[in-house]
Amino acid sequence: MHDDTTNDFAPSAPTGKTFKFSNVGDSIGGYVEGVSGRIPLNKFGTDTQDVDHNGNPRWQRIITLATPEGGDADDGLRAVWMPVGSQMATAIGDAMKRAGAATGNPADGSFLKLTFARTRPSKFGNPAKIYVAEYTQPANAQAKPAPEAAASSWPTNSNAWAPPQGSAPSPWQQ
């Protein structure tokens, strides 16, 4: 029997380097280039799909951001791996809601900034990472660089490049 809802095609690898949130304060901001479909979230170091504490399969999505980082050999694209249902996903959804965006994926061309703000104890082992997100819809975002422009065309003066100036995100509660 064939299930028509099954995706028979493996997703392509993310474009750009993977951005990892290792330390509190790590932050990435850029224009959304794309959001993948759901990809199985495997148990660390295995090819077996992970399950949550209720036995449900865990999934993730890859958000590709065009950032001002990079150089001659670096296109500035960064891949952020977001577990579905995670605190990171909630932070992004809340930021989109504050910006008046439609529900669903962050829109291509929108500006998204994610910051690893702190940790909190978790009953599931490692401390949970808490994120803060800022989101600006494409209509309010600054024009992103032309696709043929190299990342090295981004200004290197830290005062020259800034994210879009929209309404400030609401303060988050600790």
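**Figure 1. Lysine 97, an exposed residue of helix 1.** Lysine 97 is exposed, with a relative accessible area of 67%. Exposed means over 50% relative accessible area, buried means under 20%, and partly exposed lies in between (1.4 Å probe, protein chains only). Lysine 97 sits in helix 1. Its C-alpha atom is 8.9 Å from that of tyrosine 135, 38 residues apart along the chain. The model is predicted: local features need pLDDT of at least 70, side-chain atom pairs count only at pLDDT 80 or more, and totals for chains, interfaces and linings use all residues. Residues are numbered from 1 along each chain as its sequence is written, and side-chain values use heavy atoms, with hydrogens and water left out.

**Figure 2. The protein and its elements.** The secondary structure comes to one helix and seven strands. From the N terminus on, the order is β-β-β-β-β-α-β-β. Helices (H or I, at least four residues) and strands (E, at least two) are DSSP runs, numbered from the N terminus. Of the 174 residues in the protein, 29% are buried. Among contacts between residues at least 6 apart in sequence, 60% join residues at least 24 apart. Contact means heavy atoms within 4.5 Å.

Figure 3. Helix 1 has 12 residues. From first C-alpha to last it reaches 16 Å, close to the 16 Å expected at 1.5 Å a residue. The expected span is 1.5 Å times one less than the number of residues. Which residues of helix 1 are buried? They are Met88, Ala91, Ile92, Ala95 and Met96. These cover an arc of only 135° around the axis, so they lie on the same side of helix 1. The arc is that of the directions from the helix axis to the C-beta atoms. An α-helix has 3.6 residues a turn, so residues three or four places apart point the same way. The buried residues of helix 1 pack against strand 4 (59-66), strand 5, strand 6 (111-120) and strand 7. Glycine 100 follows helix 1, and its phi is positive, near 75°.

**Figure 4. The largest pocket.** Its volume is about 1,600 Å³. Of the 34 residues that line the largest pocket, the closest to its centre are Leu41, Arg58, Pro83, Ser86 and Lys129. The elements that give two or more residues to the lining are strand 5 (77-83), helix 1 (87-98) and strand 7 (128-136). On a 1 Å grid over the protein atoms alone, a pocket is an open set of points where a 1.4 Å probe fits, with protein on both sides within 12 Å along at least five of seven lines; lining residues have an atom within 4 Å of a point.

**Figure 5. Phenylalanine 19, a buried loop residue.** Phenylalanine 19 is in the loop between strand 1 (17-18) and strand 2 (27-35). At 18% relative accessibility, phenylalanine 19 counts as buried. Leaving aside neighbours within four places in sequence, phenylalanine 19 contacts Asp26, Ser27, Ile28, Arg78, Ala79 and Val80. Phenylalanine 19 and tryptophan 81 are 62 residues apart in sequence, yet 8.0 Å apart C-alpha to C-alpha.

**Figure 6. Threonine 48, a partly exposed loop residue.** Threonine 48 lies in the loop between strand 3 (39-40) and strand 4. Its relative accessible area is 43%, which makes threonine 48 partly exposed. Not counting residues up to four places away in sequence, threonine 48 touches Asn42 and Lys43.

Notes. Grid points are joined across faces, edges and corners, and a volume is the space filled by probe spheres set on the points.
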